[in-house]
Amino acid sequence: PSAVLSGVARAARAGVLVKGGAHLEALGLVRAIAFDKTGTLTEGKPRLTDVIAVDGAQEEELLAVAVAVEKQSDHPLASAIVEGAGARLPGLAMDASGVEAVIGYGVRATVGEADVAIGKPGLFTRDGTLPQSVADAVSKLQGEGRTVMVVRSGARFLGVLGVMDTPRESAGAVVSELHALGIEQTIMLTGDNQRVADAVAKHVGIRTARGDLLPEQKVAAIAELASSKSRVAMVGDGVNDAPAMANATVGIAMGAGGSDVALETADVALMADDLRALPFAVGLSRAARSIIRQNLWASLGMVAFLIPATIFGFAKIGVAVALHEGSTLLVVANALRLLAYEHRRGTT
C-alpha cells in the first residue's frame, strides 16, 4: 500500500490522475498502446482549409447550411467549420432544428424545410454512391491529407468541406520514447480516412494505422491487440473512444480537452492535456511495480528468517520484534522513493 500511495501521489504531482493502485500497476504491464488521432496525436484544433461547392450550389449556401448545424455541436471539427466559415463569410444566419448525431459518421438536422446531413463520405455511401463531382472532390482532398465532410440538403449535394488538424509537436518524441521503453506495438485507431491516418502515423512514428473505424470496430481492434499482446492501453479523448477505452487493460484520457464520457471511463487521465506525460506514467508504473516486488521480498525474507530463528533460539523475541519493525520501516522508506521519481528517456 505504501508503494501504491506514493506512486499515485507522484503521478498526481505531475498532472496524471490515476484512479487506483490496480491501474497504476496494470499500466506497467502493457506492451501495446493504441491512440485515437484527433485531439490525441493531433492538436485537436483543426481549421477549415477547403470549401468546394458542387452541382450549381454556391459557396455561401454551402457554408450557411453547414454553420447552422455545426454551431450546435462541441466537436472540434464542428468548431473548425463554424470559425472558418465565419472568417470567410461573416453574417451567416440560418438556424437548424432536430440536430441528431449519427455516431461514427456525422450529424443530421433540419434547416428550413430541408433535411440536412453532414458527415464523412461513409454516411452517404450507405444509401448508394456519391455523385461523381462529390466523389472527385472527396478524393482530391483526401489525397492532400484533409479530413473530409460532405454536405447534403434534401436530395441535393451542396459540396465538400476539407479540414486539417496538425500533429502535436511532442507526438513524434513521445512515440519514440514509448518504443524505447519497450512498448512493442503502437497503433492508431481513427474514424478518419485511411489515407489521412497513414499520413499522420508516418509523421509521428506510429507503426500501424487503421482508419475508417466506427466505435464498435475500435473495440474489436482493442480485443484483437489484447489477444496477441495480453495487455493493451487505449489513449483517447472523445465519446467515440470511450467504448474502446473501457475494453482496454488501461484506458487513458486526455484530460483537459477530453469529453466527460472519456474522463469518466478512463482509468488514467493526463490532466494537463500533454501527451509527454504518457512515457512518465508508464515509467512510474514500472518503477512502482519494481519497488513493490522489492518490498515483498524484504518483508517475506525477514519473516522467513525470524520465525525459525526465534523457534530455535537464535534470536530472542525482543530482538525479533525489533528486526521485524525495522524491516517495516525499511519497506516504507523504500516506497517513499517513488515520491522523488524522475523519468529519464529510455528508462524502465
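**Helix contacts and pockets**

Author: In this predicted model, Glu59, Leu63, Ala66, Val67 and Glu70 in α4 meet Ala78, Ile81, Val82, Ala85 and Arg88 in α5. By class, this contact of α4 with α5 has seven nonpolar, no polar and three charged residues.

Reader: How are α4 and α5 oriented to each other, roughly parallel, roughly antiparallel or oblique?

Author: The axes of helix α4, residues 59-70, and helix α5, residues 76-88, come within 9 Å and cross at roughly 140 degrees. Angles over 145 degrees count as roughly antiparallel, and the crossing of α4 and α5 is left-handed. With the crossing angle at roughly 140 degrees, α4 and α5 are therefore oblique to each other.

Reader: Which residues of α1 and α13 meet, and are α1 and α13 roughly parallel or roughly antiparallel to each other?

Author: On the α1 side the contact is made by Ala3, Val4, Gly7, Arg10 and Ala11, and these meet Phe280, Leu284, Ile291, Ile292 and Asn295 in α13. The residues of this contact divide into seven nonpolar, two polar and one charged. The axes come within 9 Å and cross at roughly 165 degrees, while the crossing itself is right-handed. Because angles over 145 degrees count as roughly antiparallel, the word for α1 and α13 is roughly antiparallel.

Reader: How do α8 and α13 lie, roughly parallel or roughly antiparallel to each other?

Author: Helix α8, residues 171-180, has Val174, Glu177 and Leu178 meeting Leu278, Pro279 and Val282 in α13, and by class this contact has five nonpolar, no polar and one charged residues. The crossing is left-handed, and the two axes come within 9 Å and cross at roughly 20 degrees. Since angles under 35 degrees count as roughly parallel, α8 and α13 are roughly parallel.

Reader: Turning to the pockets, which element gives the largest share of the lining of the second largest pocket?

Author: The second largest pocket holds about 150 Å³ of space, and the residues that line it are Pro1, Ser2, Ala3, Val4, Ile292, Asn295, Leu296, Ser299, Val331 and Val332. The elements that give two or more residues to this lining are α1 (2-13), α13 (277-311) and α14 (317-336). Among the lining residues are Ala3, Val4, Ile292 and Asn295, which also take part in the contact of α1 with α13. The largest share, four residues, comes from α13.

Reader: How many residues of the lining of the second largest pocket are charged?

Author: Sorting the lining of the second largest pocket by class gives seven nonpolar residues and three polar ones. The remaining class in that division is the charged one, and the number of charged residues in this lining is given as no charged.

Reader: Which strand gives the most to the lining of the largest pocket?

Author: The largest pocket has a volume of about 1200 Å³ and is lined by 50 residues, of which Ser73, His75, Pro76, Leu77 and Asn240 lie nearest its centre. Its lining residues divide into 18 nonpolar, 16 polar and 16 charged. With four residues, the element that gives the most to this lining, spanning residues 96-102, is strand β4.

Methods
Residues are numbered from 1 along each chain as its sequence is written. This is a predicted model: local features need pLDDT of at least 70, side-chain atom pairs count only at pLDDT 80 or more; totals for chains, interfaces and linings use all residues. Side-chain values use heavy atoms; hydrogens and water are left out. On a 1 Å grid over the protein atoms alone, a cavity is a set of points where a 1.4 Å probe fits but cannot get out, and a pocket is an open set with protein on both sides within 12 Å along at least five of seven lines; lining residues have an atom within 4 Å of a point. Grid points are joined across faces, edges and corners, and a volume is the space filled by probe spheres set on the points. Ala, Val, Leu, Ile, Met, Phe, Trp, Tyr, Cys and Pro count as nonpolar, Asp, Glu, Lys and Arg as charged, and the others, Gly among them, as polar. Axes are lines fitted to C-alpha atoms, for helices over the stretch in contact, and angles run from 0 to 180 degrees between N-to-C directions. Angles under 35 degrees count as roughly parallel, over 145 as roughly antiparallel, 65 to 115 as roughly perpendicular and the rest as oblique. A crossing is left-handed if the near helix is turned anticlockwise from the far one by less than a right angle, and right-handed if clockwise. Contact means heavy atoms within 4.5 Å.
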